[in-house]
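User: Hey, I'm new to this one. Could you walk me through it?

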Amino acid sequence: MSSAWTLLPLLLLHLSHLVAASAPRHNVVMVIFDDLRPVLGAYGDPLASTPHLDAFAQGGHVFTRAYSQQALCAPSRNSLLTGRRPDTLHLYDFYSYWRTFVGNFTTLPQYFKQHGYHTYSCGKVFHPGLSSNNSDDYPLSWSTPAFRPRTEQYMNSPVCPDREGVLRKNLICPVHLQTQPYKTLPDIESVAEALRFVESRKSSSDSPFFLALGFHKPHINFRFPRQFLQRFPLQKFFNYTEDSLKPADMPAVAWNPYTDVRARDDFKHSNISFPYGPISRQQAAQIRQAYYASVAYVDDLFGKLLAGLDLQRTVVLVLGDHGWSLGEHAEWAKYSNFEVALRVPLIIRTPEFPVSQAKNHTAITELLDVFPTLVDLAGLPPLPSCTESTVVTCGEGKSLYPQLQGLGLDEVPDYVALSQYPRPGMLPTKHPNSDKPKLRNIKIMGYSLRTDLYRYTLWVRFHALNFSRDWHDIYGEELYDHRLDAGEELNLVPLPEFDDVRQRLRRRLIQAVDPALLSHSLQHFEE
């Protein structure tokens with residue numbers, strides 16, 4: 001990009017902040033769906049039943065190529081909510097709290113709180129447990145303690161009745177609400193509490209609010225009111241993908257053996273061979289059907305939330321924390337660097353821009369971009385870009401505000417998304433769990449670069465003791481051309497005619513991960 005092209009968005013952003021400083025501030029609502037890939041009508045999925053999210057998208061800005069930084073709940077949310085990459089946080093699992101582990105970094109809700117907003121969390125926003133200090137980062141991020149549904153405690157309990165009425169820990173779990181603990185489900189509780197909070201703030205003129213609502217679904221298990229299954233005839237999900245076996249050119253280190261799916265009561269006796277399966281066609285169709293039904297269930301709840309919001313005074317942002325494989329490459333769940341595990345819906349609706357200006361944005365975006373974007377949409381002082389890892393308040397993403405203003409940045413091809421996934425070894429294993437390795441077991445890190453045309457992934461030696469990597473010690477390499485292969489089925493690395501592209505993308509990836517490496521030093525990493 002030319003320097004003038006770079007400065008114009010910054011100038012307009014500065015002018016917008018001057019105007020916003022004197023205007024009443026909007027409320028902000030951020031909605032996070034757990035494990036949601038873009039199976040929405042608004043994203044062109046013909047099997048979806050998401051009327052409320054689709055209607056919301058029609059009046060908003062839809063980012064069609066948004067990507068998570070790691071396809072695992074806690075690392076993705078830590079990255080999203082601090083605006084920093086997993087490598088900056090040194091957090092790739094569930095068992096450390098960034099403030100005490102690496103740095104007392106300012107979070108997105110904390111930034112709003114520091115600038116006069118009343119902040120509140122409902123449901124799963126931060127990942128619960130050690131990764132958010134067993135407090136959802138209260139009181140630093142939230143003005144009052146976070147709301148956790150009382151039925152959360154039963155999410156992995158035997159609450160799924162089988163055909164004989166015996167309660168099981170099933171993967172697929174359509175239920176009648178009256179049979180469930182407290183006769184409800186966690187996401188129903190969270191929406192009710194969010195609506196109560198919004199109503200309570202209508203009588204308060206003291207400060208605007210920042211509300212984060214985290215849905216648990218469509219995360220497994222697929223537990224939802226039974227009626228949503230009726231929207232999805234099973235026969236529609238048999239030909240979802242032709243993949244039934246691991247692609248021959250996929251490096252073994254790239255494979256996730258979907259251990260959590262195998263462990264459920266309705267699958268653990270199915271004799272699915274480890275690590276490559278496959279799952280039977282019948283079971284595969286049933287998983288897809290249940291996933292779509294789970295999405296329809298939370299879409300219905302999203303519609304109830306939306307009905308309680310004043311969209312003339314509220315910025316609303318909707319996203320998924322990462323994707324979920326539904327049989328592509330014969331894989332299931334997340335835990336990978338593939339498009340289906342990393343691509344997420346990202347939709348923004350704001351009173352600042354009329355519904356008539358709604359559009360789809362095709363430029364590459366990352367969940368890191370959410371923090372600076374919401375700050376700009378609220379008219380708060382812009383979030384500084386991180387210049388060094390020790391800065392307490394900064395972000396590593398870019399603001400999407402210039403794109404929302406229609407400055408033509410959707411045509412800029414330089415944007416990329418950088419993601420990563422750890423492994424304990426070259427081969428899929430149960431012990432240690434190669435889907436969810438603990439920090440001490442991580443020996444390999446897969447870095448994945450999504451450009452306008454390609455996905456390039458490099459698996460290299462990783463040293464967990466000092467968080468360093470050895471770019472010479474390579475365990476796998478992948479290159480997919482999205483112009484011809486949107487499903488990432490054909491690894492182009494073995495083909496000599498793609499050597500130039502592969503080498504160029506390798507240099508670009510290494511420079512993105514290790515920007516301190518000088519350009520001439522990167523020549524040493526070429527073959």
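This is a predicted model: local features need pLDDT of at least 70, side-chain atom pairs count only at pLDDT 80 or more; totals for chains, interfaces and linings use all residues.

User: OK, how many disulfides does the count come to?

Analyst: Two disulfides, where a disulfide is a pair of cysteine sulfur atoms within 2.5 Å. One joins Cys160 to Cys173, with S to S at 2.2 Å. That pair links distant parts of the chain, 13 residues apart: Cys160 sits in strand 4 (residues 160-161) and Cys173 in strand 6 (residues 172-175). Strands here are DSSP runs of E with at least two residues, helices are runs of H or I with at least four, and both are numbered from the N terminus.

User: Why is the disulfide of Cys160 and Cys173 left-handed?

Analyst: Because the torsion about its S-S bond is about -105 degrees.

User: And what about Cys386 and Cys394?

Analyst: Their sulfur atoms are 2.1 Å apart and form a disulfide. The link of Cys386 and Cys394 is right-handed, with 95 degrees about the S-S bond.

User: Are Cys160 and Cys173 buried or exposed?

Analyst: Both are buried, meaning under 20% relative accessible area with a 1.4 Å probe and protein chains only; exposed is over 50%, and partly exposed is in between. In the other pair, Cys394 is buried at 1%, while Cys386 is partly exposed because its relative accessibility is 24%.

User: Switching topic, what volume does the largest pocket have?

Analyst: About 860 Å³. Of the 29 residues that line it, the closest to its centre are Arg85, Glu396, Leu418, Ala512 and Pro515. A pocket is an open set of points on a 1 Å grid over the protein atoms alone, where a 1.4 Å probe fits, with protein on both sides within 12 Å along at least five of seven lines; lining residues have an atom within 4 Å of a point. The volume is the space filled by probe spheres set on the points.

User: Which helix gives the largest share of that lining?

Analyst: Helix 13, with three residues.

Key
Residues are numbered from 1 along each chain as its sequence is written. Side-chain values use heavy atoms; hydrogens and water are left out.
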